[in-house]
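Thanks for coming. I have one structure to go through today, so let me put it on the screen.

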Amino acid sequence: MIETKAVRVRFAPSPTGHVHIGNIRAAIFNWLYARHTGGEFLLRVEDTDLERSTDEAKATLREAMAWLKLDVDGEVMYQSQRRAAHLAAAGELEASGAAYALAGADNKGEAVCFRMPWDSKAYEKVGPAKLDVHPEVPVTVSHAGVKYALVSKKGKAIEESGCLAGFSGLRLYDANDVCLYELASPETVLAGKAEFTVEHVVRMEFQRRQVVFEDLVKGRMTKPLDGIKDLVIVRSTGAPVFHLANVCDDIVQEITHIIRGDDHVENTFRHILLYDAMDQKPPAYAHLPMIVNAQGKPYSKRDGDAYVGDFRTRGFDPDALFNYLTLLGWAPGDDREKLSREELVAAFTLQRVRSAPSQMDLKKLAHMNGQYLAELPLDTFMEGAREALAEHDWGRGVNEELFRSVCELMQSRTQLYPDVAVWTYFFSDELEYDPKGVRKFLQKEGVQEMLSELRAALDSTDFEEAPLEAAIHAIERAHDIKEGKLNQPIRVAVTATMVGAGLYETMVLLGRERSLARLDYAIENLCGEGE
RNA sequence: GCGCCCAUCGUCUAGUGGUUAGGACUCAAGGUUUUCAUCCUUGCAACCGGAGUUCGAUUCUCCGUGGGCGCGCCA
C-alpha cells in the first residue's frame, strides 16, 4: 500500500519590488495545484536580503494575492526570522564534512561552502570524457574541486572549474601522452589531506557522471557533474545564502512539490544534493515556462505592463487576469478557454503544463476581460467603473441614480474599465464633438430642417423610448426617408459621438432638458452644409 | 564560450506514425442591430531546416538553426 502524503506547496517570493507577472503566475499554478489536490498552499516571504526587501513590497505582494483571490493556508513564514536555523544547518553540514570553510577573497572571514558529495543516488555514469587542456595553465585538484583551462578556437585559455565529484577517475596527460596525475584515492583529497597542482597538462580524462532528477513538467533532467560547482551556503559576512535558506525552509514547511519558474532549473541539480546531505528526501519539482513580452524577450523594468498592480490600474478584472494567466503555458486539453475558478481547479494538472516560453497577448486578455466584465454583478461593475470614472474631472461626484443606469446600459459594451472615458456625454455638458460625425451626419442637406421639426415635436413628447422612437419615425416618414436614417444625426447632436448604446435609451437617460439643449445647440451651431 | 531546456497559424494553444492539422485572440468580408459593441457566418493564416527509421513522418532518432534559461559570497 502506498501512503500518499498530502500535497503542500508554497509560493516563495522575495519582496524586493513590485510583484512581477511571472512571479504571480507561479503563485497561481501553486494555488491551483494545491486546490486541485486538496493540499495546502503556503506563503513564504524570502526577505533575507534585508537591504532590498521593503515593507512596501511585502504589502503590495499581499495586495496582489488578495486581489487575485489567492488565499494562503497556515501561517506566513518570513525567512529573515529563520536565520539561526539556517546557520545551525550549515554548522551541521560542516561538522559532518559535507561542507567546508572557504577563505574569503577579501580576507573578511570564512564563507561556508557545500561540497557536491562524492556519491549520490542522483548520480548516473555516462561514460568516459576527454578534454583538451591549455598547457600553460596548471591544473589544480583539491577537495574544493578541479580547476583547469580549456583551449578556445583562437588558442586562448578559458578558465573552468567543477566540483571534485565530477572528475571520478581523473587522469592528466602531457604532450607526450605521459600520465602526470591520477586521482586514485579521492578520500585523501576529500579529507583535505592532499592537494595537487599539475603543470603542462594537455589532456584530461575522467568518468563523466551526471545528476538526474525527474521534473513533473519537463521530464527527465540531466546535467554533467563536472559542470557543477560547489555551493556557497553562508557568506563570509555570516549571512546564509538563498540556496541554504530555501532548502531548509522547504524541509521545515514539509513542502512536497516545488512549482517555480524555469530560471531555477539549474539550482535544482544542486538543491537535491543538499537535501541528500541533510538526510532528507527531495520534493517533486515542476518548472514553469517563462512569460515573455511582445518582443519575445523576458519582461524587464522597461516593460511597464509587467507588474500585477498595473493590470489592476489599467482596468483588468482579477478573474479575467487569473483565467488568462492560467492559459499561458497550460491548457485543459479541450477547447474551453473561459473557465471558472472551480473548472480551473478541477482541470488543472502539472502534466499538462507546457515547457516552452509563452508571450502575453494583451488583445486576447482584453477580449477575455470584456467577457468577464459583461458577466459581473452590476454592483461589482459599478465599483470598477466608479474608480475609472474618478480619473476624469467630470466623473467625480456624479449623480448616483444616473450612474447606475448608465452602468446598466453600458456594461455589456465595456471591455476595460478605462473605456468609461467615453461616457462624458452622460455626465458633463462640456462636449467635444467628433468632427467626422458632425461632417458626416449634421452637415448634410435637410438635416437641420428635420432636426428642427423633431425639436418642436419633442416639446410635446414623453421622454420614454417608445414615444421618442415614434416621434423620430414620424419626421422620417414626413420627409420620405428610411426609418432610422435620422438616428445617427440625432446621436451626434446629443452625444457628440457616433457610437454608443441604443439612441432612445440614451436619450431617456440624458433626459429632456439635456437632450433638447444639445439639439438646439447642434441645430444652431453645427448644422448646415459643409464645404 | 560552456551547460540545461524548448520549437504547430502573427499570438495563446489542441492534436496524431496515415487528420480537409482543430479551437481562441487579432485581421478581412458579410449578416443581425437605429449606430457601436455583443452575437452569427465566412475567409486569411502554422507543423523551423536537413538527414535517418518507416509502406508512410508534423509526430520517433540524429545533426543543424533559432529562442529561452543558467554559469554570483543575488534571489
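I start with a pairing: Ala99 has Phe114 of strand 5 as its bridge partner. Strands here are DSSP E runs of at least two residues, and helices are H or I runs of at least four, numbered from the N terminus. Strand 4 and strand 5 (residues 110-114) run antiparallel and are joined by five bridges; two strands pair if DSSP finds at least two bridges between them. Three strands make up this open antiparallel sheet, in the order 4-5-15. At its edges are strand 4 (99-103) and strand 15 (231-234), each pairing on one side only.

A word on conventions. This is a predicted model, where local features need pLDDT of at least 70 and side-chain atom pairs count only at pLDDT 80 or more, while totals for chains, interfaces and linings use all residues. Residues are numbered from 1 along each chain as written, chains are lettered from A and ligands numbered from 1 in the order written, and side-chain values use heavy atoms, leaving out hydrogens and water.

Which part of the RNA lies within 4 Å of the protein? Of those RNA atoms, 69% belong to sugar or phosphate and the rest to bases. As for the bases, a side-chain N or O atom of Lys364 is 2.8 Å from a base nitrogen of RNA strand B.

Technical notes: A residue is near a molecule or strand if one of its heavy atoms lies within 4 Å of it. A polar contact is a pair of N or O atoms within 3.5 Å; within protein, one must be able to donate a hydrogen and the other to accept it, and residues adjacent in sequence count only if both atoms are side-chain atoms.
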